[in-house]
Amino acid sequence: MALAEKVTSPRLFLQAQTRWRPAEIVFWLATLSPYVLFPNYLSLASQIAIAGLFALSLDLILGYAGIVSLGHAAFFGVGAYTAGLLSKYGWGEPLTGLAAAAFAAGIVGYATSFVICRFRHLALIMLTLGFGLLLAELANTLGWLTGGMDGLQGIHTWKLLGIFRFDLYGRTAYAYALAVLFVLFLFARRLIHSPFGLSLRGIRENFVRMPAIGAPSRAHIRTIYTIAAALAGVAGALLAQTTETVSLDSLGFERSAEVVVMVVLGGTGRLYGGLVGAAIYMIARDQFSGIVPQYWYFWIGILLVAVVMFLPNGILGGLAKLSRWSRS
Amino acid sequence: MSGPALATRGLTKSFGSLAVARDIEIELPKGVRYALIGPNGAGKTTLINLITGMLQPGSGRIFLDGVDITALPPEQRVQRGLVRTYQINSLFPHLTALESVTLAVCERTRAARIWWRQLNAYPREIDQAYDILAALKLDAVCHRPTRELAYGQQRLLEIALALATRPKVLLLDEPAAGVPREESNELFAAIAGLSSEITVLFIEHDMELVFRFATQVIVMVGGRVLVQGAPHEIATDPQVRAVYLGKAPAPVKGKQTVSGVGS
């Protein structure tokens, strides 16, 4: 790294890592472009922002702490149903709905984290998968509450801040989803640059070594799992509020698998990986399903295989390599 | 006068019918440099694993500063000052040397629980980490990812990580394993230069290093402590000679390197 050679002071070096890079500023400016360039795709754009937040929450545990989860949709679903039910039974205020969803999903995350933190690798994949399936079946069984297969109907989201109505074109929805994504991204960015974030990377890099430096890895894992669950819950709530419906697939296996694909596509452990992966995945799905509705998974499959084979660190990992290579 | 920094009472461990630790009783007074030697399979690393809690003993107790720590999980033993390094580098490949040591310092100061404040709010931790690296002459490479460091530097980083936890008792499992002779002298000089507050136990096969740097030597064979004493006593002990050199009586010089016991 050129930076390492130039900066000698250890403090300055760590400060330099938290500085905003030009590419980041460009990225966030680009997120505003749909308003100008693709005004007909604003609802897709808000779906991308929501999927991006969901992927970001998974990246915190998958990319940073090395916890592979195949049941992350459980928290997305809990958040969606919490916000949806609140609204259905009379409280459609969006921001408090998000807070309630974060709280509910965080509680579920915290409760399961006590089991999660004891396992690694394959056992962990099976456990998260199991929790996800359990919750999906629970939602299905409680049809009187969740609407079961028909989905949760009768959601009405109030005006945002009492001013902005959620319009048909998704103008408010996208601004809302994007603003929430940005704020929570700032939160996540701060977190990964915290001492705790460094410990998470330690857990990912060498789980066995952590106790030997006095690190309570399990407590760390419980903390990040709870935080990731709460963020996933917010993503679910955003979907419920902006689409005014919640279906069972919001906590289904497919959504759990999808979000893993997004993070892997974009690149794990780099914050923006989930966002980029979500955008590519959602746009590819939109485009391919327009061309060949039956076969669109085929193209996603090809994309995934190609990325994993040729860009093992995801699309962003490939880009980072390219920029290093072009500079040298 | 206070008691030993570290003591074990009747420490025993078996894997199935194989006894890897039998009734081990050791006492390490404060500040002493102990060498733990013995042929391969003698149970040296097992003993370190038992003391640090990486393995649970079948029976027996472990005392740190007179406090029974037998039931504590490994990380809590580290928090109380009982720290080890590994024979095979066990580091954080993609973290820089400075990040790795900062991580260990933050775990000690409990800053590692803080997720709502960025690292640059903790200059004290970062400076401490840097000072440890500088003391081990790793400051020049402190911004390099660990996996890019030379092997000898990685061995030093192992020790830096341990020092970051502020050990009272430091257990070094073959700190110079795989390091060329000239460098291993430097590495042991760094160990010898540690604060005299720290009690050190190191496993080492190179007898020259053992006799140069240890004030006491423990010899293990077959999961048992065979003898314990000052280096010159060990060098002339007939039992030790029998173990290392077979039954035939051979002249042992103090500085001789015992061959055939490398890792």
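Guide: Here is a walk through the labels, one question at a time. This is a predicted model, where local features need pLDDT of at least 70, side-chain atom pairs count only at pLDDT 80 or more, and totals for chains, interfaces and linings use all residues. Residues are numbered from 1 along each chain as its sequence is written, while chains are lettered from A and ligands numbered from 1 in the order in which they are written.

Visitor: What makes up the secondary structure of chain A?

Guide: Chain A has 16 helices and zero strands. Both kinds are DSSP runs numbered from the N terminus: a helix is H or I with at least four residues, and a strand is E with at least two. Chain B has nine helices and 11 strands.

Visitor: How do you know whether chain B is as compact as a globular protein of its length?

Guide: We use the radius of gyration, taken over C-alpha atoms, and a globule rule of 2.2 Å times the number of residues to the power 0.38. For the 263 residues of chain B the rule gives 18 Å, and the chain has 19 Å, which is close, so chain B is as compact as a globular protein of that length. With its 328 residues, chain A has 20 Å, which agrees with the value near 20 Å for a compact globule. Along the principal axes, the C-alpha trace spans about 60 × 45 × 40 Å in chain A and about 65 × 40 × 40 Å in chain B.

Visitor: Which label does A:Tyr41 get, and why?

Guide: A:Tyr41 has 17 C-beta neighbours inside 10 Å, so the label is partly exposed. A:Tyr41 lies in the loop between helix H4 (34-37) and helix H5 (42-64) of chain A.

Visitor: Why is H6(A) called oblique to H12(A)?

Guide: Helix H6 (residues 73-88) and helix H12 (residues 217-243) of chain A pack at an angle of about 50°, with axes 6 Å apart. Under 35 degrees would be roughly parallel, over 145 roughly antiparallel, 65 to 115 roughly perpendicular, and the rest is oblique. The angle of these two helices falls in the rest, so H6(A) is oblique to H12(A). Axes are lines fitted to C-alpha atoms, for helices over the stretch in contact, and angles run from 0 to 180 degrees between N-to-C directions.

Visitor: How do you know what sort of residues meet between H6(A) and H12(A)?

Guide: Ala, Val, Leu, Ile, Met, Phe, Trp, Tyr, Cys and Pro count as nonpolar, Asp, Glu, Lys and Arg as charged, and the others, Gly among them, as polar. This contact has 12 nonpolar, seven polar and no charged residues. Among them are A:Phe75 and A:Gly77 of H6(A), and A:Ala229 and A:Gly233 of H12(A).

Visitor: What makes H14(A) oblique to H15(A)?

Guide: H14(A) and helix H15 (residues 296-310) of chain A pack at about 140°, with axes 8 Å apart. That angle makes H14(A) oblique to H15(A). A:Phe288 in H14(A) and A:Trp299 in H15(A) are among the residues that meet.

Visitor: How many residues does each chain bring to the contact between chain A and chain B?

Guide: Chain A gives 29 and chain B gives 39, where two residues are in contact if their C-beta atoms, placed from the backbone, lie within 7 Å. The largest share of chain A's side, eight residues, comes from H11(A). By class, that side has 14 nonpolar, 10 polar and five charged residues.

Terms used: Buried ≥ 20, exposed ≤ 12 C-beta atoms within 10 Å, placed from the backbone.
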